Structure formats: C-alpha cells, structure tokens
Amino acid sequence: MQFITGKYIPRRTFLRGLGATAALPLLDAMVPAGRPGATARSLAQPTRLVCIEEVHGLAGCNEWGATRHLFAPARTGKDFEILPESALTSLAPYQEHLTIVSNSDCRMAEAFTTPEIGGDHFRSSAVFLTQAHPKQTQGSDIFVGTSLDQMYAQRFGQDTPLPSMQFCIENLDQAGGCTYNYSCAYTDTISWASPNEPLPMIRDPRVAFDMLFGAGGTPEERAARLASRRSILDWMAGEIAALRTELGAADRNRMDRYLNNVREIERRIAAVEARNSGGDEREMPEAPAGVPDSFSEHMRIMFDLQVLALQTGMTRVISFKTGRDADNRVFPESGSSRPFHPASHHGGRESSILEFNKICQYRVGQLPYFLDKLKNTMDGESSLLDQTMVMWGSPMADANLHNHRRCPLVLLGGANGLLEGNLHLKTPDGTPMANAMLAALNGLGMEMDSFGDSTGEFSITATSPASTEG
C-alpha cells in the first residue's frame, strides 16, 4: 500500500491483484487535508460525455408520426408533454434532465451522387458523430471526419487511463466491403479518431470488463485468474483490507458499495458465459459467449460497465452503438414480432407506423436504467448524472424513406450545469444537427468555430438566443 501518505490518498489510486487492477471512485480521503479550498468539488473531473446512436430513426419522424407527437412534443420550451404513445415515454420521469432538439437535419448522410443513391444505411452511422459525408469506397482509402467524441477525448481525455471507450451491441466485425460500394468501416463504428481512422467497438462485456479491471498483469497471470473462477476482488483482498483501515466510515461504505457493484457485474458476466457455453441452442449463435441473447440484459451490463468506467475516472468519454443498420433482429419484449429493419419500412401505413413505434419505445426504454445508475452514483458532492452529458440520437429520421431530415436528438443529464433540462427546442427548417452539436461542444469547453456541416450554433439552452447561424 505504497500510495498511503498519511494525509490523503491520490485521486488516481489503484488496487492490484494477480493480473488485475481496480481504480477507485472519488473518496473523501482523496481530498488533501489542510489544503485551502480543497474539496471534493475541486477534484471534480471535466464533464463526462456519453454518445449513444440509434439506427433507423424513430416512428415519430415520419410525417404522420410527427402529427401524433411520437417523438417531438407539441409544445416547445419548458414544461412540454410527453404522450404515452411517444417513443420517449419512458423518459418522462427524467423530464427535468431532458433536452429535446427536434427538426434538425443530417444532410451529410444523404446521397450526393447517383452511385450513392440507396446506400443510406451504409453511410449513416459514420455520419452521426462526424456530421461529415463518407467517401464511397470498399478499399482502404476510407474517409469521413473526426467524430465529436474523439475531439472531446483529445482535449479532455488524455489524463485518464483510457481516453475514450467504444461499446456496441450488435455484430460489427464484418470484414471487407458492404453494400452500395461502401466499406463496412462506415457501418461498424460511430467513433473516428481521424477522418480515416475508425475505432473498434466492444461488444463482449468480458472484453470491456478486462479493459477496466484486467490490465496490469502478464497473460499468464490473467489466465490463472480466469481459470480459478475467483473474483478479481479476491486477489486484492489484502490491499482492500489495508486501505479500509485508512478510511473513515463514509468512505468505507462508499468503497464497499463500489466493490459490491464490481463483484455483481463480474458475477453476471460469468453467469452469461456459463449459460451460453452449456450446449443449449442460442438465439444468437454467432455471438461470443459473454454476449447475452437478451437485448435488455446486454444493454444493462454494458451500461453498468460504463458507469464503473465513469465513476472511477478510467475514462470520461464513451460512445455506444446500440444497433446495426439494416438489422433484422426481433425484440419480443417490445410487443412486436416484426424484425427491426422491415418494421422500419412501414410503407406509411398508420398501423405499421404504430407497430414500428413499439420497437422504438422498447429501445429508448433501455435508457432509464442507465440514467438511474448515473443518478444514484455520487461523485463528490453531486451525482454522475449531474456531471454528465448523454447525447442520444439518430442520423436517420424516417427510415421508410431513408430520410435524414428532421432527425431525433436528445440530450440528457446536467453536464455540470450546462443543460437546463425540461426543455424542447425546435430548430428552424433546414438546420444541420451539427449546429446543436457545435453548441454542445463549445458549452463543454471545446472553443470551436465549426463542426461538420454546421452553419453556426443552435443554442441548447432556453436562456440564450435560439440560433446564431451564420
């Protein structure tokens, strides 16, 4: 326990065991004793940023669905109403943390030339966080733009062990070219470190867990730890016990809750692996053993891992791709038996739009679990939800038409006071989504003149002018 100084514990403290390490959440003991002005707030990190992509848009972005307010509420400004039929209905309890930006466009996902027509599904994901137009190619000369999560990580993530983390749910490991002469790189990730450098996304919870807790040992040590079937915390028992003697009661309780969460997530991942390795037929036979067949279970484990990563300061930038364009997965828990992609091509029929909306409600309905976890996880004097901006959206609006106008964008959390919440903002017709993203980036301290195809900033607060477009 060489990090114990007798006065305070450094913020970047790790417990170590055989082939494993565990960073700690912010504790009172990390505040330097007797240092003027030193508080938990003074040790707070820059705002965390979590970007979540939805594919296929929403039923409420269809012309008829918009009249039913299946996405954008009827009222703009404060105190809007989320109808029970809305895809956002599950977010109603979090209205005070919710900023809706409606009517903005992702024009960079549209076809610019005749050969590009029809390839919307194979461009869209690359556009979401770059707001740039992908180069049509199946070769290595891919080119789109640097994604906003990576811009933020390059500015505010370099002092964390992992500058950013990238997660996904669906199978994204297809090699080579996709349809319409587009590289699968455009479909397989939403994070781009540079215009020609796509970043891989983690689908297997075990891989993500080992990134957070399995580093620091040799391959032999990690293999021995896994073969023992013991928790990583068991290998750290001595250091945990020694550290507890240095902590006050509040810190001991805080650390115990955190370690219990780690142990529980590890147990759930192991249970999934055991179930999927038992020889029974799987719903998704191509998925790794650590990937649950249940969409909801997979989403929750990945959200839990993200909360641990943010809580411990292992990273403060996360991107999360929750689907793959043209995916035919069925979501029985949604109440619909229609495959996802065919359901999105509803033909404009009202009954089919409402059927697709069931799936939209179900998928958006995974977010409250994440918000609950962020709200109930304290970091110093405020919750992770208060300190985080969650950017959720889709580069597609009406998937039936492969339309990229009037796409959905939602901001959640407090972002350290940047986001007011309880706010619906409707952009003027023709406003690029990049304008709202530019305002968000600058609000987070990026100091950028432009982003993607932006024409200026679209304010994401009610107290500033609605638009400063140039």
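Accessible areas here come from the Shrake-Rupley method with a 1.4 Å probe. I worked from a predicted model.

**Overall**

The protein exposes about 18,100 Å². Carbon and sulfur atoms supply 50% of that area. Next I checked burial: 59% of the 470 residues are buried. I then listed the secondary structure and got 14 helices and 18 strands. For contacts, I took pairs at least 6 apart in sequence. Of these, 70% join residues at least 24 apart.

**D327**

I went to D327 next. D327 sits in the loop between β11 (317-321) and α10 (340-344). What is the nearest side chain of opposite charge to D327? I found R363, at 5.4 Å. A salt bridge needs the two charged groups within 4 Å. D327 has no salt bridge, yet is buried. I looked for other polar partners. A polar atom of the D327 side chain lies 3.2 Å from the backbone nitrogen of R329. I also listed contacts, leaving aside neighbours within four places in sequence. D327 touches H56, E170, F340 and H341.

**Cysteines**

I searched the whole structure for disulfides and found 0. The cut-off for a disulfide is 2.5 Å between sulfur atoms. I noted burial too. C61 has 9% relative accessibility, so C61 counts as buried. C168 is at 1% and therefore also counts as buried. The limit for buried is under 20%.

Definitions and conventions
Residues are numbered from 1 along each chain as its sequence is written. This is a predicted model: local features need pLDDT of at least 70, side-chain atom pairs count only at pLDDT 80 or more; totals for chains, interfaces and linings use all residues. Side-chain values use heavy atoms; hydrogens and water are left out. Helices (H or I, at least four residues) and strands (E, at least two) are DSSP runs, numbered from the N terminus. Buried means under 20% relative accessible area, exposed over 50%, partly exposed in between (1.4 Å probe, protein chains only). Contact means heavy atoms within 4.5 Å. Lys and Arg count as positive and Asp and Glu as negative; His and the chain ends are not counted. A polar contact is a pair of N or O atoms within 3.5 Å; within protein, one must be able to donate a hydrogen and the other to accept it, and residues adjacent in sequence count only if both atoms are side-chain atoms.
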